[in-house]
Amino acid sequence: MDGQTASPHLGEITRIRAPAARASHPALPWLWSGLLIAVLGFLVLYPTLMLLFGALTTTNPVLEGVHLADVSIGNFLTVATNINVLAALGNSLIACGGGTLLAVVIGLSFAWVVVRTNTPCKALIASTGMLPLFVPPLVAGVAWSILGSPKTGLLNMLMAKAGLGWHVDLYSMPGMIFVFGIYYAPYVYMFTAAALRNMDPSLEEAAEIAGASPTRTMATVTFPLILPAIISGMLLSFVVMLGIYGIPAVLGAPANIPVLTTYIFALTAWSPPLYNTAAAVAVILMIVTGVLVYAQQRVLAGRNFTTVAGKAFRPRALNLGPWRFFTLGLAIVYLLVVVVLPSLALIVAAFRKFLFIRDIPSLLDMKQYGWQHFIKMFDNPLTVISIVNSMKVGVITAVVGGILAFAIGYTITRTHAPGRRTIDAITTIPVAIPGLVIGVAYLWAWIGLPGGLYGTLWILALAFVARFIPDTVKALSTSLMQIHRELEEAAWICGRGMLGTIASIVLPLARPGVVAATTLLFILAIRELGSSLFLYSSGTMVMAVQLLGYYEGGNIGITAAFSLVQMVLLGVLITITHSLSRGAAQRSVVRGG
Amino acid sequence: MSAELRVEQLRKVFVTGHPPVQKAAIDTVSFTIAAGEIVVLLGPSGCGKTTTLRCVAGLEHPNSGRIVIGGTAYTDPAAGVLVPPRSRNLGMVFQSYAVWPHMTVRQNVTYPLRARKTPRADQARAVQEALALVELAEYADRPVTQLSGGQMQRVALARSMVYHPQILLLDEPLSNLDAQLRLRLRDDLRRIIKRAGLTALYVTHDQTEAVVLGDRIGVMRDGRLLQLDTPREIYNRPADLFVAGFTGATNRIDGRLLRHDADFAIIETRSGERLLARLGSGLQDGAAARVALRPDNVVFAPAGDGPNRFTAHVESQHYQGTQTVYEVTVLGTRIEALEVGSSARWEVGAEVTVALPPEMCWGYGP
């Protein structure tokens, strides 16, 4: 054999030295896992434990410091059985339950119209129908209070001028249910549309060949098959509504309808603040959320029996004949109500000198419009400060959260580091904690500590990192899993260490996912209200809280103007992210609420 | 420089299933590859061949045994030695090629040299030579995503050889290519590896690939190395029934061993006729025996006189153009027989004399 003849080419190269044979220290993986668990413990576990501690004591953490002496389940039960707490819990369940039902009706019909009929302009309807997902709840609430407040609401004024006897009052339980329902319908839509799209059409064809009528097919085949998707979307939208502060704060408060979130904030705003009670109510909210999230995960896990065959199907489109214009009309009405009307309301309120409208011609009178609210808004130094602060917090959240989520995602999906399951489990905990509860938890974790994080921008950023870490890790893990293992192994064989391989192979290949995830973190951070409420201080005002301040100050013109500024800012950012990630953004805003 | 590879008593156990069961992916495998030699590990999927290769690469960690390259132990769990892949100075061609899609051909091939901090001038020269070796010199500055499967394969090969590794590992490198390209690259691969003078360990499930490429072939099954020999030996002296079957000896004739000498055995078949066969492993006088035979070794209507002449009854005929496959009943057993040529000479129902050359009948214990 010619085995011993050395290559005339490669044999000449003598200056390529072999890498030194060195083994990495066996304790290194343990050290790394320990570090990650410590960081997660600091971000997630410690605040959660402090929240539980707060719920079980009666001492004021600011005045008296933290004592373990009076911890008792009795303190929690006293709060939990308080009539005001039960009333708030009841209101929450009614508002969110009603909102969820409405969302299911709208979302399901919307999904059916878009996926299964030949309604014209389907694609356009589908994409504009998702817009409500990106509207911060507070802005939605403000827009609808401009439209539907009982005395000065634009709708009421217009209907009165038009001589119609109708009257709407959004400052009411039905009002909250309505706004919840129309804004969270896209959640149900996303789940059910996906299920309808992925369904094997032959399942329905088989039913029809077996002699079932189209209605019967829908009732006995289609509906049962997408039921898990419906339930899952329902539970998710319920959970998100439960944690929303902006909508009930604007629509419920004037009618004196407290829900859990507004009640918790009210408790901390009293003098002296009732931090213990707030913590206890927050724990109740967390328990309800946790149970529902668990239920949703179970439903999602059990849906394997359904339809997904890993094949792409062309969904059957029902020919509606002339009725397709009826469904188009319905879709246009929905878009009018959910997109056009609120936007118009904000624009009118933001640019009009006085919101009072004498008659219809005066609504169109251009002399009534101008930039005065915007000028006044920017005269207030807090406006600019809050915008700058929000940007800073957004950058910190994106950088810290991005790095941490990458480290966790890589460790979970790519290594054999010890304690991977523990890290994964701790990472998922915040899924079951509403933003507002994280705010209370961070308040408890840091308010009693002198010279700590409290009062800095960092406490906001860290709370946001904790709040959004599950989604960020999930998104990054998905893009990491798309990188073939052998691409990494090839780099190791070529002589690169783990860090060098990450820098030269993994990061460049995962870049679209990483960029999308971090920009998204930035967006979620600058629009977050629930947790900011408890963590801002005079020097660290952020946009979302400042907007609430303007609203509560009573100047609807400035409120609308600032809402528009935020919407434009978010719109630009979301468009950028969307083009970077091709749709990943949409999926992840979902839990942000 | 290329080095000798010694794998000693390698064993790797996986715990799988519920309740957990220990399964040996590699069950005490030992072999040695001389410097500059190509050894192919051949076997069905799940036989442990890829796991063995990955243990040599340092990507998997065996439970026990030693891996010694050029006299230095790189894996020795008993002594706490486990050199990470990056420090082993091996080359590896992956099943998926694993060429990095965000780099050009040149960047891919330069990568290992940069990891070794090779001086720039040497880098350029080494890359040029490696690319010339795989005939891709004019593609150096193309993004790899613009290459065909076969070209990516060559990039992967150039990348794994550019730093002249101690040993080249190849994990089913041709399995993702279409049949025609596979044939061409198969021949190229051996030529290129030999020209570079590299020691190579090659893993495949394709027997023809193994025969063309390997200086020696190791047949594996259920984590065990059944036979490691030259292709000629494997095809003409398979060590057991499984290796015989894997090289295409799919016919089985059952019987009982009457008596044997040093090389041959006489086996009484079901029909009572006696068959002369090569003495394989596991045979005992008086005990059950099984003879393996390749369809193409059945000779129809032999001229003259000789041993192992029997009357066969033609049961079916499958004409395939350049050859014909028959099913015949002989010695009380139905076997396949293959005759080359474009005319199908034997009709169904015919009685024909066949010869089963004793050299090609391999007897084994059950």
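**Grounds for the descriptions**

Modeller: Among contacts in chain A between residues at least 6 apart in sequence, 79% join residues at least 24 apart. The model is predicted. Chain A has 25 helices and 0 strands, and buried residues make up 47% of its 593 residues.

Colleague: What makes A:Arg496 count as buried?
Modeller: A residue is called buried if 20 or more other C-beta atoms lie within 10 Å of its own. A:Arg496 has 24 C-beta neighbours inside 10 Å and therefore counts as buried.

Colleague: Where is A:Arg496 placed, and with which residues is A:Arg496 in contact, leaving aside its neighbours within four places in sequence?
Modeller: A:Arg496 lies in the loop between α20 (485–493) and α21 of chain A. With those neighbours left aside, its contacts are A:Ala491, A:Thr501, A:Ser504, B:Arg86 and B:Ala115.

Colleague: How do you know that the span of α4(B) agrees with its number of residues?
Modeller: Helix α4 of chain B, residues 149–161, has 13 residues, which at 1.5 Å a residue should span 18 Å.

Colleague: Why is α4(B) called mostly covered, and what covers its buried residues?
Modeller: Of the 13 residues of α4(B), 11 are buried. Among them are B:Met152, B:Arg154, B:Val155 and B:Ala158. The cover includes β7 (91–93), α2 (105–115), α3 (120–133), β8 (167–171) and α5 (179–196) of chain B.

Colleague: Why are α4(B) and α5(B) called roughly parallel to each other?
Modeller: Their axes come within 12 Å and cross at roughly 15°. Angles under 35 degrees count as roughly parallel, and α4(B) and α5(B) are therefore described in that way. Their crossing is right-handed.

Colleague: Which residues of α4(B) and α5(B) meet?
Modeller: From α4(B), B:Gly149, B:Gly150, B:Gln153, B:Leu157 and B:Met161 meet B:Leu181, B:Leu185, B:Ile192 and B:Ala196 of α5(B). By class, this contact has 6 nonpolar, 3 polar and no charged residues.

Colleague: What makes α11(A) roughly antiparallel to α12(A)?
Modeller: The axes of α11 (residues 260–269) and α12 (residues 275–301) of chain A come within 8 Å and cross at roughly 165°. An angle over 145 degrees counts as roughly antiparallel, so α11(A) is roughly antiparallel to α12(A). The crossing of α11(A) and α12(A) is left-handed.

Colleague: Which residues of α11(A) and α12(A) meet, and how do the residues of that contact divide by class?
Modeller: A:Leu260, A:Tyr263, A:Ile264, A:Leu267 and A:Thr268 of α11(A) meet A:Tyr275, A:Thr277, A:Ala278, A:Val281, A:Ala282 and A:Leu285 of α12(A). The contact divides into 9 nonpolar, 2 polar and no charged residues.

Conventions. Residues numbered from 1 in each chain as written. Chains lettered and ligands numbered in written order. Predicted model: local features only at pLDDT ≥ 70, side-chain atom pairs only at ≥ 80, totals over all residues. Helix = DSSP H or I, 4+ residues; strand = E, 2+ residues; numbered from the N terminus. Expected span 1.5 Å × (residues − 1). Buried ≥ 20, exposed ≤ 12 C-beta atoms within 10 Å, placed from the backbone. Contact = placed C-beta atoms within 7 Å. Axes fitted to C-alpha atoms, helices over the stretch in contact; angles between N-to-C directions. Parallel < 35°, antiparallel > 145°, perpendicular 65-115°, else oblique. Left-handed = near helix turned anticlockwise from the far one by under 90°. Nonpolar A, V, L, I, M, F, W, Y, C, P; charged D, E, K, R; others polar.
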